[in-house]
Amino acid sequence: MHSVIQEIVQATVERTARMEYPKIRTPHSNSRTKSIISDIRQKKAQGRVPVIAEVKPASPGKKLRDISPADASHIASEMEKAGAVAISVLTEPEFFHGSTGNLEAVRKNVSIPVLRKDFIIDKIQFDEVESDLILLIAGILGSDLDEMVNIAISKGFEPLVETHNIRELEEALKTKAQLIGINNRDLNTLEINLNTTLELAPVVREHDKNNGSGHIIISESGIHSTDDIRKVIGAGADAVLVGTSIIKSDDIYAKTKEFVDALD
Ligand SMILES: O=C(O)c1ccccc1NCC(=O)[C@H](O)[C@H](O)COP(=O)(O)O
């Protein structure tokens, strides 16, 4: 694992060790969670791209945009108006300058599902803040993945399991998660290659054909243009998760809409 990811995980371990008591009582209400899968299918049927647009203040070592909870709520509302199927909110504070305050503000202000994007390593984090979806990273959770998926579901979250290679994908497909993320960013090198989606999406489709299942595939990271979107959707992704290129845009609404309409 890249040293930056090791540092993020270590900082998360230290932060969770300082958490004293859960803020939320779980399971929480999740009326929006149920709709994400049908919302994605509906957008696809309408010829729109299901875009999960991300409220992302920074990448490790690179500030992208100052985002207070009020800004987050305004940005998310522009994304929703432009047709985003869900909003992803980074809550990791140290390396991504995210916050649970941003997540709470966004969730209050939009009616589409909200994904908590963080490095979840300890079950206490499920009780930190409510969200509709929650990211679980197969490469970080290793043999704890299945248990964390089950806890997430029991607490009212829809888990999105992020994978980057065939081994992680096979582990993800053994769990109850219905949302499979294919991260085009390699957490060992931080290099991005959209061919990761081209390589792994057919594996999910083959698995579903043989098992009668119907996973939703979300292509994550490194998507900067409508050509990129057509490439990963053409490979079998159902949806895309886009951070940097939307958040760096001067017109959040227009950029989100351009991606939602990428198949026109
Ligand atoms: O964004 C990074 O540079 C990054 C570095 C190391 C680990 C994770 C990282 N990003 C995590 C994310 O959730 C991304 O923000 C998300 O996949 C969107 O990616 P992008 O569209 O490339 O900003």
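Biologist: Where in the chain is the place of H215?

Modeller: H215 is in the loop between α8 and β9. The labels number DSSP runs from the N terminus (helices are H or I of at least four residues, strands E of at least two). This is a predicted model, in which local features need pLDDT of at least 70 and side-chain atom pairs count only at pLDDT 80 or more, while totals for chains, interfaces and linings use all residues. Residues are numbered from 1 along each chain as its sequence is written.

Biologist: Is H215 buried or exposed?

Modeller: The classes rest on C-beta atoms placed from the backbone (20 or more others within 10 Å is buried, 12 or fewer is exposed, and in between is partly exposed). H215 counts as buried because it has 20 C-beta neighbours inside 10 Å.

Biologist: Which residues does H215 touch, apart from those up to four places away in sequence?

Modeller: A contact means C-beta atoms, placed from the backbone, within 7 Å. With residues up to four places away left out, H215 touches Q178, I180, V204 and D208. As for V110, 105 residues away along the chain, its C-alpha atom is separated from that of H215 by 25 Å.

Biologist: Where does S99 lie, and what does S99 touch?

Modeller: S99 is in the loop between β4 and α4. S99 is buried, since 20 other C-beta atoms lie within 10 Å. Not counting residues up to four places away in sequence, S99 touches T91 and P93. D118, 19 residues from S99 in sequence, is 9.7 Å from S99 in space, C-alpha to C-alpha.

Biologist: Which residues other than glycine have a positive phi?

Modeller: H97 is not a glycine, yet has a positive phi of about 55°. H97 lies in the loop between β4 (86-90) and α4 (100-109), and counts as partly exposed because it has 18 C-beta neighbours inside 10 Å. For S221, phi is near 80°. S221 lies in the loop between β9 (216-220) and α9 (226-234), and with 24 C-beta neighbours inside 10 Å it counts as buried.

Biologist: At what angle do α3 and α4 pack?

Modeller: Axes are lines fitted to C-alpha atoms, for helices over the stretch in contact, with angles of 0 to 180 degrees between N-to-C directions. α3 and α4 pack at an angle of about 40°, with their axes 8 Å apart. The two helices are therefore oblique to each other (under 35 degrees is roughly parallel, over 145 roughly antiparallel, 65 to 115 roughly perpendicular, the rest oblique). On the α3 side, P69, A70, A72, S73, A76 and S77 meet G101, N102, A105, V106 and N109 of α4. By class, this contact of α3 with α4 has six nonpolar, five polar and no charged residues. Here Ala, Val, Leu, Ile, Met, Phe, Trp, Tyr, Cys and Pro are nonpolar, Asp, Glu, Lys and Arg charged, and the others, Gly among them, polar.

Biologist: How does the packing of α7 against α8 read, for angle and residues?

Modeller: Helix α7 (residues 166-174) and helix α8 (residues 195-211) have axes 11 Å apart and pack at an angle of about 30°. That angle makes α7 roughly parallel to α8. I166, L169 and L173 of α7 meet L200, V203 and H207 of α8. The contact of α7 with α8 comprises five nonpolar, one polar and no charged residues.

Biologist: Which residues make the contact of α3 with α11?

Modeller: The axes of helix α3 (residues 69-81) and helix α11 (residues 252-260) come within 8 Å and cross at roughly 35°. I75, E78, M79 and K81 of α3 and I252, Y253 and T256 of α11 make the contact. These residues divide into four nonpolar, one polar and two charged.

Biologist: Which members of the largest nonpolar core touch the most other members?

Modeller: Such a core is a set of buried Ala, Val, Leu, Ile, Met, Phe, Trp, Tyr and Cys residues joined through C-beta atoms within 7 Å. The largest has 75 residues, of which I52, A84, I87, L136 and V240 touch the most other members. Strand β6 (residues 133-137) gives the most to this core, with five residues. Beyond four places in sequence, I52 touches A84, V85, A86, S88, L115, I218, A239, V240 and L241.

Biologist: Where does L141 lie?

Modeller: L141 lies in helix α5 (residues 138-141). With 20 other C-beta atoms within 10 Å, L141 is buried. Leaving aside neighbours within four places in sequence, L141 is in contact with L136 and M148.

Notes:
Contact = placed C-beta atoms within 7 Å.
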